[in-house]
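Subject: The structure, and what turned up in it

Hi there,

Here is the structure I promised to pass on.

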Amino acid sequence: MNKEDKPMLKNGHIEMPIDPSLDLRSEIAKMKKEKNAIILAHYYTNDEVQEIADYTGDSLGLSQKAAANDADIIVFAGVHFMAETAKILSPNKKVLIPDSETGCSLADSVNEKVFAEFLKQYPGYTVISYVNTTAEIKAMSDIVCTSSNAVKIVNSLPKDEKIIFGPDKNLGAYVKKVTGHENMVIWNGGCHVHGNFSVEHIKKLKQQNPEAEVLAHPECPAEILDLASYIGATSALLKHSIESKTQKFIIATEPGILYEMKKQCPNKEFYPVLSKSNDNTINQCFDMKKNTLENIYLTLKYELPEVFVEPTLANKALSSINRMLEMSK
């Protein structure tokens, strides 16, 4: 590699000029084959990213795919905690992330030091942590969960078992309500996207489309879930939209999922819910949107940024993740 070709990381991603005549999709496909690489993408990424991904899914599906694949390189188009989880599950693979500064407000709502002090107040409690957390929090947990399996995991435990659930307060409240599990202490964290949907906009859309179903993610607050016809994880919302005979849907989750919904159901109509802070703003995760064809191309070409997790920490976190995967079978 010539000195002038040396990649430069800036703001978490490679900043280098790309020949505008390049067909990025073809170049990415060629490099994937040459390097035995796969691209995993979350449903909340841009349409163009989902188009080139080898697998798209929600947190549970992506974790399962990261744990079982034959690739040498995983390019994770999502946010940082997801790529970190992939590295924990596949320590011998090279895990790349197009932008290492893709954060998550939910993961940022709890840190190791404060959580450790919190846990001291509840000795003997089983700690269930949402997958939207850092490796440090996973290492301090007994079981990891996703929105797809949180209810199943809590239901599998004895009714009198004392549980700490975090960091998402809305998902925790939903799980507590559905399972009837009373001995549950919930961390006060949340997702800035799911916590910011407009109740008024849902009511307006419903008034305009009375036959429409409202589909909501359990990370949404109770006032949104109370309006929902169906509540579920991203993959469950997708499955329901495919199987339902309804032709119109109001979607209270990150609107990236609309790409797959429209792809699977081209004759159905989908309406994203606006932000409650601005009636004219689509409520979306800007960190997920940092994944682009350009930075995926550069990431594959130069194999940067690479995700590392200290082995001792990774082994501690792996225990709670593996317990989730076993309980999700």
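In which loop is N11 found? N11 is in the loop between β1 (9-10) and β2 (13-14); helices (H or I, at least four residues) and strands (E, at least two) are DSSP runs, numbered from the N terminus. Its phi is near 55°, a positive value in a residue other than glycine. N11 is partly exposed, with a relative accessible area of 47%; buried means under 20% relative accessible area, exposed over 50%, and partly exposed in between (1.4 Å probe, protein chains only).

Before going further, a word on how to read this. It is a predicted model, in which local features need pLDDT of at least 70 and side-chain atom pairs count only at pLDDT 80 or more, while totals for chains, interfaces and linings use all residues. Residues are numbered from 1 along each chain as its sequence is written, and side-chain values use heavy atoms, with hydrogens and water left out.

**Helix α1**

Let me begin with α1, which covers residues 24-35. L24, I28, M31 and K32 are the buried residues of α1. Viewed down the axis of α1, these buried residues fall within an arc of 105°, so they line one face of the helix; the arc is that of the directions from the helix axis to the C-beta atoms. The cover over them includes β3 (37-42), α2 (47-52) and α13 (293-302), where contact means heavy atoms within 4.5 Å. On the face of α1 turned away from the buried side you will find the exposed residues K33 and E34.

Both ends of α1 are worth a look. At the start, a side-chain oxygen of D23 reaches to within 3.2 Å of the backbone nitrogen of R25. This is a polar contact, meaning a pair of N or O atoms within 3.5 Å; within protein, one must be able to donate a hydrogen and the other to accept it, and residues adjacent in sequence count only if both atoms are side-chain atoms. After α1 comes N36, with a positive phi near 50°. N36 is in the loop between α1 and β3, and at 31% relative accessibility it counts as partly exposed.

**Salt bridges**

Side chains of opposite charge can pair when their charged atoms come close. How many salt bridges does a search of the whole structure find? The search finds ten, a salt bridge being a side-chain nitrogen of Lys or Arg within 4 Å of a carboxyl oxygen of Asp or Glu.

- D54 pairs with K32, with the closest N and O atoms 3.1 Å apart. D54 lies in the loop between α2 and β4 (55-57) and K32 in helix α1, so the pair ties together parts that are 22 residues apart in sequence. D54 is partly exposed at 44%, while K32 is buried at 14%.
- E211 pairs with K248, with the closest N and O atoms 3.3 Å apart. This pair links distant parts of the chain, as E211 is in the loop between α9 (199-208) and β11 and K248 is in strand β13 (residues 248-252), 37 residues apart.
- K290 and D287 meet in a salt bridge of 3.2 Å, N to O.
- K35, K94 and E303 are linked in a network of salt bridges.

**A buried glutamate**

E219, in the loop between β11 (213-216) and α10 (222-225), is buried yet has no salt bridge. The nearest side chain of opposite charge, K169, is 12 Å away; Lys and Arg count as positive and Asp and Glu as negative, with His and the chain ends not counted. The side chain of E219 does have a polar contact of 3.2 Å with that of H194.

**Two cis peptide bonds**

The bond from G166 to P167 is cis, with omega near 0°, and P167 lies in the loop between β9 (163-166) and α8 (169-179). The bond from L304 to P305 is cis too, with omega near -10°; P305 lies in the loop between α13 and α14 (311-327).

Notes:
Expected span 1.5 Å × (residues − 1).
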